[in-house]
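Here's a quick briefing to read alongside the sequence and the model. Have both open, and we'll go through domains, helices and chain contacts in turn.

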Amino acid sequence: MSVIVIGAGHAGVSAAVALRKLDKDVKITLLSAEGEFPYQRPPLSKKSAFSENPKFDLLQGREYYKTHNLDLRINSKVDSIEKDINQITLFSGESLNYSQLIIATGCRLKKLNTVGAELAKSLYSTDDTKTLSEALAKAQSVIVIGGGFIGCEIASGARNLGKEVALLEAAPTILGRSVAPIFASEISFRHQNNGIQILPNSIIHSITDKGVQTESGLIESDLIVSGIGAVPNTELAHKSALVVDNGIVVNKSLQSSDDNIFAIGDVVNFPFAGAPNRLRLESIQNANDQAKIAARNIVAIRTNEALIEYSPVPWFWSDQGDLKLQMVGIGSLDAKHYVLKNQKEGSLSVLHFVEDELTAIDTLNHGINHMCGRKLLAMNKPISLNNVQSFNDDLKALVNHLR
Amino acid sequence: MTTVTYILEDNSEFVIEAETGQNLMQLALDNGLEGIEGACGGSCMCATCHVLIEEMLGVEAEERHEMEEEILEMEIDDPCPKSRLGCQFVIPEGMISVTARIANTSHF
């Protein structure tokens, strides 16, 4: 019996580690397309890119793979899956057999589709991080294209290094797709107070060595960084005739259209109990929790037990200078948004209600309310605005009451 | 260098010579210690790196900051003054030694 994990980001490594904890004997092969030991990705945009000599934190110590009998193979990109004979083939030509396969191929960055796009830096890998760190050391002014979480993190990091920073966003507001509008405008306000120039509704014509040419004119800058989102790496799954639709489509037990092939992490489109009824999430919580479910289910298949289902309370975070953004649940622009009153200074907590039922909470610099949100949403009972207000907007009191 | 002693869940000790600036979560991961998961990569978000600081010699580490206090308060059943999130405990210049007991908070 052997399990192959394709991809050694958070999801892939977590799955291998979890499986080894559950089964001391199963043969586990962990394949990485990258050329280094698996590393922590969140710090890249939050910390490493803004250090002079970026260091990279590993997901597990170098010895871990040997001592836990995990066959980690770096520089091992998979070319195809021959699912009818439970086999994969690497680009090197080597073929390997599996009993169960876990696909954790993650995402890659969306590329700008504009003249001069190649002049913009981006941030995904350790190499990108080193390149950006070196470029930041030489630059006085920086333009960041894209006002999502990563774009905001890069802009904040550059600003904290004392750079002149402009953040260009195509939509009318930054963070427009992710959080409540009132939350997004507060974050935008804080960034502007910190000296970041925010330029919404920016239509980019081209990028040159002088800066970015937008519809409203040339914005000059020494360094341009793009952070406009990511797309799932589904090519391998698609080529192998697995069902793909904005990610590899899986069931609640995280099996793809082939029962022996699981998929986890950023690359997965999974069924969700709330709305919308299918999700693809790019997050650490999703990667780690799915990894554990997949590991358990692989053991369950072997022992003929029932498979367990993934029913998450999704959570996310973003570190933007002094701002810690924490989100729990799946927020919606159509929800009713309620700002909690009487909260500690400098914080903001916005609740999302759909049909008077709590679905998500966005918090700025308020860990207690975020953690309360995780607990409330995990209770699986409807929480109404009235429930919240009857505890004077004190979420901790509400949690303690319901516990 | 700072001498870091981890007390593992079976009460055995594991001693590491650490450099200034390292944190107790990543140091434990780098050395393959069981009981520290560090699921969020050291971002003060998951509380899977809970340790109890039993002793410090020399320069002491910075105290808990507000977010760490909040996460500990909400995620650890019975946080005590010794409780720290390992990822937020950064070894300062001049610390001679520190002893950290790994408190099992793994959600697995």
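Predicted model: local features only at pLDDT ≥ 70, side-chain atom pairs only at ≥ 80, totals over all residues.

**Domains, helices and contacts**

Residues are numbered from 1 along each chain as its sequence is written, and chains are lettered from A and ligands numbered from 1 in the order in which they are written.

**Domains of chain A**

- Domain 1 of chain A puts 14 residues into its contact with domain 2 of chain A, which puts in 16 residues (contact: C-beta atoms, placed from the backbone, within 7 Å).
- On the domain 1 side, helix 2 of chain A gives the most, with three residues (helices are DSSP runs of H or I, at least four residues, and strands are runs of E, at least two, numbered from the N terminus).
- That side of domain 1 of chain A has six nonpolar, three polar and five charged residues (nonpolar: Ala, Val, Leu, Ile, Met, Phe, Trp, Tyr, Cys and Pro; charged: Asp, Glu, Lys and Arg; polar: the others, Gly among them).

**Helix 1 against helix 8**

- Helix 1 (residues 10-22) and helix 8 (residues 284-303) of chain A have axes that come within 8 Å and cross at roughly 35° (axes are lines fitted to C-alpha atoms over the stretch in contact, with angles from 0 to 180 degrees between N-to-C directions).
- Among the residues meeting here are Ala11(A), Ala15(A) and Leu19(A) from helix 1 of chain A, and Ala287(A), Ala291(A) and Ile298(A) from helix 8 of chain A.
- Sorted by type, the residues of this helix 1 and helix 8 contact in chain A are twelve nonpolar, four polar and two charged.

**Helix 9**

- Nine of the twelve residues in helix 9 of chain A are buried (20 or more other C-beta atoms within 10 Å of a residue's own, with C-beta atoms placed from the backbone).
- The buried ones include His370(A), Met371(A) and Cys372(A).
- Their cover includes strand 24 (348-354) and helix 11 (395-402) of chain A, along with helix 2 (66-75) of chain B.
- After helix 9 of chain A comes Asn380(A), with a positive phi near 60°.

**Chain A meets chain B**

- Chain A brings 20 residues to this contact and chain B brings 18 residues.
- Elements giving two or more residues on the chain A side include helix 8, strand 21 (315-320) and helix 9 of chain A.

Definitions and conventions. Contact = placed C-beta atoms within 7 Å.
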